[in-house]
Amino acid sequence: SQASSQPLGGRDTRYMRPAFGTVAAPTLIGAALGASVLALSTKALAILIAGTAFGTMATSVAFPYYILVATIPVQVDLFSSITVTKLITPLTIGMVTFNALIHRGPWPVIMRWPAGYLAGMFFLTSIVSLLLAEGLRGLPGEAAKIPVYGALFYFTLTFNRTPEDFRRLLWVIAFTGLVEALITAAQVHYGFVMPGDWRKNLGQPGEGGVDGTLSAVLEGKIRAEGTTSHPIMLASFFLMAIPCTAFLFLTESRPSIQVLLGGILALMGYAWFYTFARSSMIGFALMTVVALSFRSRAVRVLLLIGAVFVFTGFLSYQAISESFSTGVQAVESGGLFGKADVNEASGSWQFRLESIVGGWKLFVANPWFGVGFGQSIWHYTKYLPAWANHSSHPSTIHNVFLEVASELGMFALAAFLGMWSWALISAKRALRHPELRSYAILMCSIILGQMAFLMITPMVREIWLTLPMAIAIGHMARSEA
């Protein structure tokens, strides 16, 4: 595109104004694809996808990428565990490749050192581990997630070459958050159910009689998932979308647009609240502290003291967990969670802690290539600690780093940790450039907030967008130097 071809220092990017149609159109198309799951037949959806393909080729070379980003939270099942995003991904890859072949757009950035190689190593070992564990019968299965993660990662590096490109992406995320917030608000008030994983067994008999979700609905309990597969996944999306929208609000010079962004933020905050995702509170809290630390010396001192306490053992893991449980119980006792369809804080923390310990033991038992991508549910419950007493356990290990380690082994874990490390290094590099500093602060805050959140949460899609966003900011800084 014209924006990506111009040099970084060749324009004033203090108040960049992306064209409304450029960012709104792919967002609306992504929302339409998700809504069509409920309203249209499979043939109608195929027609809509075909129309999107032709429309994309006729507009902008970045359009397919924005459509992919807009469908990140659309995780409802279309058929046989195939989601809208999984259908859109090959279409997006095909269109980006087609535009590159006719010299209309850039080739995907795959061989960039070291980020591209680290991601490639992760995706390769993911496939190898699944083949070793399940053979060819394991395909596509969980391996269908790899093209989604890979497309988000590499296309983010490809289409974010200038601050203007980056700000346009933030607008896409903000509009996507608005659509998701409206759907979630409607879900809260009208109680409709998406065909995702969260309530797919609604009304079916459970081990104790009636399904627990149906009982909760009959009792007037609420917990919204929007178009995602679970409220935690919706909270993860807002953990990215809310700070991105807040950044646009704080850096926007036009009062009318600020009012619009303020309304979007209010709607997203409302939708996030009804996920009742207590673990995401940790992410938002750390995100806020990190952002403030760039502005306040006192906050930086407190952070340093806290880090010293943790590393010296003065503030032990047990003390942290007890403090967390006490804090969550205090919030619940205030009545805000009175209608929440969630487990008690103590029970939720208990099964998370048990799954984390089980995940570590599973990794120790299978250190090289793990048990296979997405296969930990069939193994980790055998490695639960002797003191485990929770009546049920989640289908995934609730710590993304142990999930990767136990399922994919130490080589994939090394690549995964390398991507996180390089993302933070890249954002730090951009802090030295006045033009990029605010974007770098945003990405440092988001990534550290996500890291805290994912200490007690499994894999989420959003990190495959935010990690390359931070890396792209660092590449801009290096190009400007």
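A: In α8, the residues Trp171, Ala174, Gly177, Leu178, Ala181, Leu182, Thr184, Ala185, Val188 and His189 meet Ile257, Leu261, Ile264, Leu267, Met268, Tyr270 and Ala271 of α11, where contact means heavy atoms within 4.5 Å. Helices here are DSSP runs (H or I, at least four residues), numbered from the N terminus. This is a predicted model, in which local features need pLDDT of at least 70 and side-chain atom pairs count only at pLDDT 80 or more, while totals for chains, interfaces and linings use all residues. Residues are numbered from 1 along each chain as its sequence is written, and side-chain values use heavy atoms, with hydrogens and water left out.

By class, the contact of α8 with α11 has 14 nonpolar, 3 polar and no charged residues. In this scheme Ala, Val, Leu, Ile, Met, Phe, Trp, Tyr, Cys and Pro count as nonpolar, Asp, Glu, Lys and Arg as charged, and the others, Gly among them, as polar.

Two packed helices are described by the angle between their axes and the distance between the axes. The axes of α8 (residues 163-190) and α11 (residues 255-273) come within 8 Å and cross at roughly 45°. Axes are lines fitted to C-alpha atoms, for helices over the stretch in contact, with angles from 0 to 180 degrees between N-to-C directions. α8 and α11 are therefore oblique to each other; angles under 35 degrees count as roughly parallel, over 145 as roughly antiparallel, 65 to 115 as roughly perpendicular and the rest as oblique. Their crossing is left-handed, that is, the near helix is turned anticlockwise from the far one by less than a right angle.

Another helix pair is α5 (residues 84-101) and α7 (residues 145-159), whose axes come within 9 Å and cross at roughly 45°. That angle makes α5 oblique to α7, and α5 passes α7 in a left-handed crossing. Among the residues in this contact are Lys86 and Ile93 of α5 and Lys145 and Phe155 of α7. The contact of α5 with α7 divides into 7 nonpolar, 3 polar and 2 charged residues.

Gly226 lies in the loop between α9 (212-218) and α10 (231-251). Gly226 is buried, with a relative accessible area of 0%, where buried means under 20% relative accessible area, exposed over 50% and partly exposed in between (1.4 Å probe, protein chains only). Gly226 and Tyr274 are 48 residues apart in sequence and 9.9 Å apart in space, C-alpha to C-alpha.

Note on methods
Helices (H or I, at least four residues) and strands (E, at least two) are DSSP runs, numbered from the N terminus.
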